[in-house]
Amino acid sequence: MNIILLGPPGAGKGTQARRLVEERGMIQLSTGDMLREARSSGTAMGRKVADIMDSGQLVTDEIVIGLIDEKLQGDNAGGFIFDGFPRTLPQADALGELLAKHGTTLDAVIEMRVDDAALVERIVARSTCGNCGEVYNDITKPQPADGKCAVCGASDFRRRADDTAEALTTRLMEYYKKTSPLIGYYYAKGELKTIDGLGEIDAVAAAVSEALR
Ligand code: AMP
């Protein structure tokens with residue numbers, strides 16, 4: 001099964017994708033994670049996208065489509081979760097073509113709805129484990145008191161450079177201008193399922209499972 005998790009920054013796409021990886025053995029393809037990896041390993045592409053990412057703007061379609069194309073060559077036994085991709089109409093068209101090229105199809109697009117005020121609150125409180133990617137929130141899920149990640153035990157917590165109020169405003173505008181048209185695009189294809197992304201992680205996970213049934 002191949003699915004897209006669609007929603008604004010802070011909607012919980014990454015958190016739900018990780019659940020699906022654990023529970024169903026799916027493969028998470030997060031273009032944001034791939035780009036951050038390229039930056040930290042200092043590749044030419046990573047250097048090129050750094051300032052754009054920090055400002056909250058989208059990088060070019062060509063770059064992210066190339067990243068996804070590469071990943072689709074690999075093992076797809078568990079199915080793919082597209083997290084943060086596609087984010088523009090040309091990316092959505094390209095994904096359709098890439099899946100066809102690899103002899104597979106898209107099964108569902110899950111739109112996670114969360115209002116803007118909640119997104120800002122979530123994002124400015126967010127940190128992640130630099131080792132395993134577990135997501136923490138200062139208010140709802142604080143980092144463990146012993147300073148070690150509850151999942152992997154590492155003590156390398158990070159805050160994203162673009163998780164600031166300023167970059168978030170740009171990220172939200174990019175979402176409304178360039179990504180939200182995908183809601184209509186997938187609705188018209190009969191592939192869209194919309195869920196409430198505002199509740200507790202378990203409640204949202206239950207809604208995701210229900211949508212995938
Ligand atoms: P994310 O981790 O998904 O919030 O992505 C972080 C940043 O990476 C975004 O603000 C963009 O600058 C860039 N990015 C990630 N995915 C894409 C995409 N599909 N298209 C364009 N830019 C992207």
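Predicted model: local features only at pLDDT ≥ 70, side-chain atom pairs only at ≥ 80, totals over all residues.
1. Let's start with the ligand. Its shell has 16 residues, and T31, R36, Q57, G84 and Q91 are the ones that come nearest. By type, the shell splits into six nonpolar, five polar and five charged residues. Helix α2, which covers residues 31–40, gives the largest share of that shell, with four residues.

2. For V59, a polar backbone atom sits 3.1 Å from a nitrogen of the ligand. G84 also takes part through its backbone, with an N or O atom 2.9 Å from a ligand nitrogen. As for cover, the ligand taken alone exposes 480 Å², and the protein buries 96% of that.

3. F85 and P86 are joined by a cis peptide bond, with omega at about 0°. That is worth a second look, because most peptide bonds are trans. P86 is placed in the loop between β3 and α5. T88 lies in the loop between β3 and α5 too. Is T88 buried or exposed? T88 counts as buried because its relative accessible area is 8%, under the 20% cut-off.

4. Now the nonpolar core. The largest one has 30 residues, and those touching the most other members are I4, L35, I68, L72, F82, L95 and Y186. At least two core residues come from each of β1 (3–6), α2, α3 (44–55), α4 (61–72), β3 (80–83), α5 (89–101) and α8 (181–188). Of these elements, α4 gives the largest share, six residues. Note that α2 turns up both here and in the ligand shell.

5. Strand β1 deserves a word of its own. L6 lies in this strand and is buried, at 2% relative accessibility. Follow the chain 187 residues on from L6 and you get to K193, yet the two C-alpha atoms are separated by 9.9 Å.

6. On to the cysteines. How many disulfides does the model have? The count is zero. C129 is a case to check by eye: its closest cysteine sulfur, in C152, is 3.6 Å away, so the pair is too far apart for a bond, given a cut-off of 2.5 Å. C132 is in no disulfide either, and the nearest cysteine sulfur, that of C149, is 3.7 Å off.

7. V151 belongs to the loop between β6 (135–137) and β7 (157–158). Is V151 buried or exposed? V151 counts as exposed because its relative accessibility is 52%, over the 50% cut-off.

8. Last, an arginine to look at. R171 is found in helix α7, residues 165–179. Despite its charged side chain, R171 counts as buried, at 9% relative accessibility. Where does the side chain of R171 reach? The side chain of R171 goes to the backbone oxygen of D162, at 2.6 Å.

Technical notes:
Residues numbered from 1 in each chain as written. Heavy atoms only, no water. Near = heavy atom within 4 Å. Polar contact = N/O pair within 3.5 Å; in protein donor to acceptor, adjacent residues only side chain to side chain. Areas by Shrake-Rupley, 256 points an atom, 1.4 Å probe, with all protein chains shown as cover. Core = buried A, V, L, I, M, F, W, Y, C linked by side-chain atoms within 4.5 Å. Buried < 20%, exposed > 50% of the residue type's maximum accessible area, 1.4 Å probe, protein only.
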